[in-house]
Amino acid sequence: MSAAATNLVSELTQRGETLSFCESLTAGLASATVASVPGASAVLRGGLITYATEVKSHFLRQPVADIEAAGVVSGDTALAMARAAVAETDADWGIGLTGVAGPDRQEGKPAGTVYIGIYSPNGVACSQLLTGLGKERKEIREATVVAALRLLGSTLEENPVLREQ
């Protein structure tokens, strides 16, 4: 995890851009992973832990029923979480993480089903479905963090610098 975090912190620092998280299944692990990198304070704005649907409802400014209708574990919710992270912290980039760490299914989805949302107010909005990230909760959560950091890294490569340096 640390290599992906180190690379992301370096890239965001060079670009003069910031990052925030809205995490559900990872419960702060992604934020903590980035924070473990020296120099992270230049890029990490903060994070929200929205484990409960009611907490997601508060930060997403959507009724619980609407979130449940879209699916708590869905691309729409992951993207809304990424938007909420940006809105709450004024970051350049937001990452939303929602999924099933297991062992039980959620919304009929098996453990290891994860959605990552990436959002920037400068026109980038996407979500990605990942499956088969492992069998154990710890393995799924750690694989989710690495995948999210790498996804933002590849998104940065595809998008120009947001701020003038």
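A: Helices (H or I, at least four residues) and strands (E, at least two) are DSSP runs, numbered from the N terminus. The model is predicted, so local features need pLDDT of at least 70 and side-chain atom pairs count only at pLDDT 80 or more, while totals for chains, interfaces and linings use all residues. Residues are numbered from 1 along each chain as its sequence is written, and side-chain values use heavy atoms, with hydrogens and water left out.

The sheet is open and consists of five strands in the order S2-S1-S3-S4-S5, with mixed pairing; two strands pair if DSSP finds at least two bridges between them. Its edges are strand S2 (44-49) and S5, each of which pairs on one side only. On average, neighbouring strands are turned by 15° against each other, direction ignored.

Within this sheet, S3 and S4 run antiparallel and are joined by six bridges. Gly-99 stands opposite Val-114 in S4. The loop between strand S3 (93-99) and strand S4 (114-120) contains Pro-103, and the peptide bond leading from Gly-102 to Pro-103 is cis, with omega near 10°. Most peptide bonds are trans, and most residues other than glycine have a negative phi.

S4 also pairs with strand S5 (residues 124-130), in the antiparallel sense and over seven bridges. S4 and S5 form a hairpin with three residues between them, and Gly-123 in its turn has a positive phi of about 105°.

Helix H5 packs on the sheet, touching strand S1 (19-23), S2, S3, S4 and S5, and its direction makes about 40° with that of S4. Contact here means heavy atoms within 4.5 Å; axes are lines fitted to C-alpha atoms, for helices over the stretch in contact, and angles run from 0 to 180 degrees between N-to-C directions. Gly-75 belongs to helix H5 (residues 75-89). Beyond its neighbours within four places in sequence, Gly-75 is in contact with Tyr-115 and Ser-127. The C-alpha atoms of Gly-75 and Cys-126 are 8.3 Å apart, although 51 residues separate them along the chain. Gly-75 counts as buried because its relative accessibility is 12%, where buried means under 20% relative accessible area, exposed over 50% and partly exposed in between (1.4 Å probe, protein chains only).

The loop between H5 and S3 includes Asp-90 and Asp-92. Asp-90 counts as exposed, at 58% relative accessibility, whereas Asp-92 counts as buried, at 7%. Asp-90 has a positive phi near 60°, in a residue other than glycine. The side chain of Asp-92 has a polar atom 2.8 Å from the backbone nitrogen of Thr-18.

H6 lies across S1, S3, S4 and S5 and runs at about 30° to S4. Helix H6 (residues 137-158) also meets helix H1 (residues 2-15): their axes come within 9 Å and cross at roughly 35°. Among the residues of H1 in this contact are Leu-8 and Leu-12, and those of H6 include Leu-149 and Leu-152. By class, the contact of H1 with H6 has seven nonpolar, one polar and three charged residues; Ala, Val, Leu, Ile, Met, Phe, Trp, Tyr, Cys and Pro count as nonpolar, Asp, Glu, Lys and Arg as charged, and the others, Gly among them, as polar.

How values were computed
A polar contact is a pair of N or O atoms within 3.5 Å; within protein, one must be able to donate a hydrogen and the other to accept it, and residues adjacent in sequence count only if both atoms are side-chain atoms.
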